[in-house]
Amino acid sequence: MIPDLRVEFNAKYRPERYQSLLRRLDERAGSKVEFRVAETPVFLTLALLEEMALSGVRLTRRLLAWPEYLAEARNSIPDNFFVAEQSGGTNNSHPNFLTADFALVETESSKLEPRLVEIQAFPSVFAYQAMLTEEYRRAFGVPDSLGVFLGGMDKDSFWSLFGKTVLGKHAAENVVLTEVDPQHQKTLPDFLLTARELGISVVDIATLVPIGNKLHYRNDAGQLVPVHRIYNRAIADEMIGRKVKLSFDLTARWEVEWAGHPNWYFLISKFSVPWLSAAGEAVVPPAAFLNDFLRGDGFGRMEGAGVRLPSGDKGEAVYEDLLLKPLFSFAGKGIQFAPTRAELEAIPERERGNYLVQQRMHFVPTIRTPHGLTQAEIRILYIWPDGGELTPVLPLVRLGRGKMMGVDHNRNQEWVGASAAFWR
């Protein structure tokens, strides 16, 4: 994206430097990094990253100040995942963690502009991403003059803010990172880095032990330790898909704080995209809930917004410019390109409120590599401590050359995968 930096990086690239990067990542994480790491970071202007970061802040604040939206989003939470809200000492008025994903698209005036892919109030790989930027810099000699942190952060202030948000006012011994079977997750490197840096334990959420109205975990010595705060990384759709049986009632009111209350996973999510689209947010591509698209005014609104849609309700009609997305899936699961009318109609009416259709954005390939131009999806990571401000802290980048940008969808290719951004 910054031509002189791209040319210089490509000219100095050596495969042995990349192999050194991979070895260092595994060593520092204390675990094999199972997803593909790209051979290159990207080089962006700070202005572009700040434009995206500010868009995420604006959209989030709009949603939080929108009573009608919040009421409907709350109703969308499955009954067995509606977690009792905390009482006393913590702030339920906002999420602690947020991510906003953006594509770069070409406008009619041939200008590159960001468009929201999705927004999610859920933690991402904060610790791993901070480490990845350091190792890119080390392996490839990226100049110290190029920045990585956003929001006026540096390495020390980032870790201070992250630690404050995860730990709250509690001792590290009483704070746990919970996940479903964490030792076998691809994000294990991030868990281990977080645990090491903050001094907390990584715990399988299914193994928490309820005693009275408190939750406990077993430490390395087998002793039961009370849990005062949970940094939750367990995703609802995975718990449903794996049929995970917890030893406690997730929806009950436990004497525990959440660093990232689980309800926010639903409250700020893909569920918000049709609302923001209908409200005229230019950075949000046209979208509608599936039931509204098939039986309401969603079709007309999207057509009026410039989406090319075949007319009529014949089953063989193909919506080439649409994506069908399940609302609460993670990492791109269940997304369908160019669905037909028959495929949309085949989804039972009672389930259509759990899907949206969205204008497909055509990512502009902008990163010059030895394997041709490559696309970038840019995720802005935000931290929002209790009683603090919503702060963009780091960009995370996915490089790809296929329809999907996730690291699971760009296998058997080179110069694609998980990456980082440096700015000038």
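1. What is the volume of the second largest pocket? In this predicted model, where local features need pLDDT of at least 70, side-chain atom pairs count only at pLDDT 80 or more and totals for chains, interfaces and linings use all residues, that volume is about 530 Å³. Residues are numbered from 1 along each chain as its sequence is written, and side-chain values use heavy atoms, with hydrogens and water left out. A pocket here is an open set of points on a 1 Å grid over the protein atoms alone, where a 1.4 Å probe fits, with protein on both sides within 12 Å along at least five of seven lines, and lining residues have an atom within 4 Å of a point; the volume is the space filled by probe spheres set on the points.

2. The second largest pocket is lined by 18 residues, of which Val-105, Glu-106, Thr-107, Arg-115 and Gln-359 are the closest to its centre.

3. Four strands (DSSP runs of E, at least two residues) form an open parallel sheet in the order β5-β4-β9-β10, two strands being paired if DSSP finds at least two bridges between them. Its edge strands, β5 (201-204) and β10 (257-259), each pair on one side only. Between β9 (residues 229-232) and β10 there are three bridges in the parallel sense, and Ile-230 stands opposite Trp-258 of β10.

4. Helix α7 (residues 188-198) packs on this sheet, touching β4 (175-179), β5 and β9, where contact means heavy atoms within 4.5 Å. Eight of the eleven residues of α7 are buried (under 20% relative accessible area, 1.4 Å probe, protein chains only), among them Leu-188, Phe-191 and Leu-198. After α7 comes Gly-199, with a positive phi near 80 degrees.

Notes:
Axes fitted to C-alpha atoms, helices over the stretch in contact; angles between N-to-C directions. Buried < 20%, exposed > 50% of the residue type's maximum accessible area, 1.4 Å probe, protein only.
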